[in-house]
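Subject: Structure for your attention

Dear colleague,

Please find the structure below. My findings follow it, and I would be grateful if you would read them with the structure open.

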Amino acid sequence: MTNIIEHTYKELANTRELSLTEKDYSTNYLGRCKSYYAYLKSTKRQASTDVLLKLWAQLRLAEKQAKTRNKTKYDFFKKHQPSHLQKTASELSNKVLGELLARCTVCSTPPNLLYK
């Protein structure tokens with residue numbers, strides 16, 4: 001199983017700002033059926049790139065929602081302190097993006113030697 005998937009679940013669950021279950025994580029963050037995370041854990045399989053993209057997008061969304069959730073009309077005068085969930089989601093989205101970039105391969109087209 002992709003360590004980033006398990007690490008992300010544990011970090012999100014530890015924020016205590018979410019009441020996140022494995023089933024919620026599977027459906028809301030991974031975009032799959034409610035038993036998908038359990039399936040990955042039991043079979044030790046890796047999540048697809050599509051699942052990682054969905055996870056990255058959901059983490060970015062959670063970060064933005066946490067940012068707007070804590071605002072009041074008086075925040076204009078105060079320096080905004082990010083919530084624990086906002087910081088965690090930001091860090092995790094960067095890690096997931098790193099995993100996605102590591103999976104990418106660069107295709108290069110060989111030069112056409114006939115047209116030199």
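Over the face of which residue does arginine 32 lie? In this predicted model, arginine 32 is placed over the face of tyrosine 36, at 5.9 Å from the ring centre.

To begin with the overall layout, the protein contains five helices and zero strands. The protein has 116 residues, and buried residues account for 30% of them. The accessible surface amounts to about 8200 Å², and carbon and sulfur atoms hold 54% of that surface.

The aromatic residues deserve a careful look. Five aromatic pairs are found in the structure. In one of them, the ring centres of tyrosine 9 and tyrosine 37 are 5.1 Å apart and the ring planes stand at 45 degrees, so this pair is classed as tilted. The pair joins distant parts of the chain, since tyrosine 9 belongs to helix α1 (residues 3-14) and tyrosine 37 to helix α3 (residues 36-43), 28 residues apart. Tyrosine 9 and tyrosine 37 are both buried.

Tyrosine 37 also pairs with tyrosine 25: the centres of these two rings are 5.3 Å apart and their planes are at 85 degrees, so the pair is edge-to-face. This pair, too, links distant parts of the chain, with tyrosine 25 in helix α2 (residues 22-29) and tyrosine 37 in helix α3, 12 residues apart. Tyrosine 25 is buried, as is tyrosine 37. Through ring pairs, Tyr9, Tyr25, Tyr29 and Tyr37 are linked into a cluster.

When its neighbours within four places in sequence are set aside, leucine 12 is in contact with Leu18, Leu20, Tyr25, Tyr29, Leu59, Leu85 and Leu92.

Yours sincerely,
A colleague

Technical notes
Residues numbered from 1 in each chain as written. Predicted model: local features only at pLDDT ≥ 70, side-chain atom pairs only at ≥ 80, totals over all residues. Heavy atoms only, no water. Phe/Tyr/Trp six-rings, centres within 6.5 Å; stacked < 30°, edge-to-face > 60°. Helix = DSSP H or I, 4+ residues; strand = E, 2+ residues; numbered from the N terminus. Buried < 20%, exposed > 50% of the residue type's maximum accessible area, 1.4 Å probe, protein only. Lys NZ or Arg CZ within 6 Å of the ring centre and 35° of its normal. Contact = heavy atoms within 4.5 Å. Areas by Shrake-Rupley, 256 points an atom, 1.4 Å probe, with all protein chains shown as cover.
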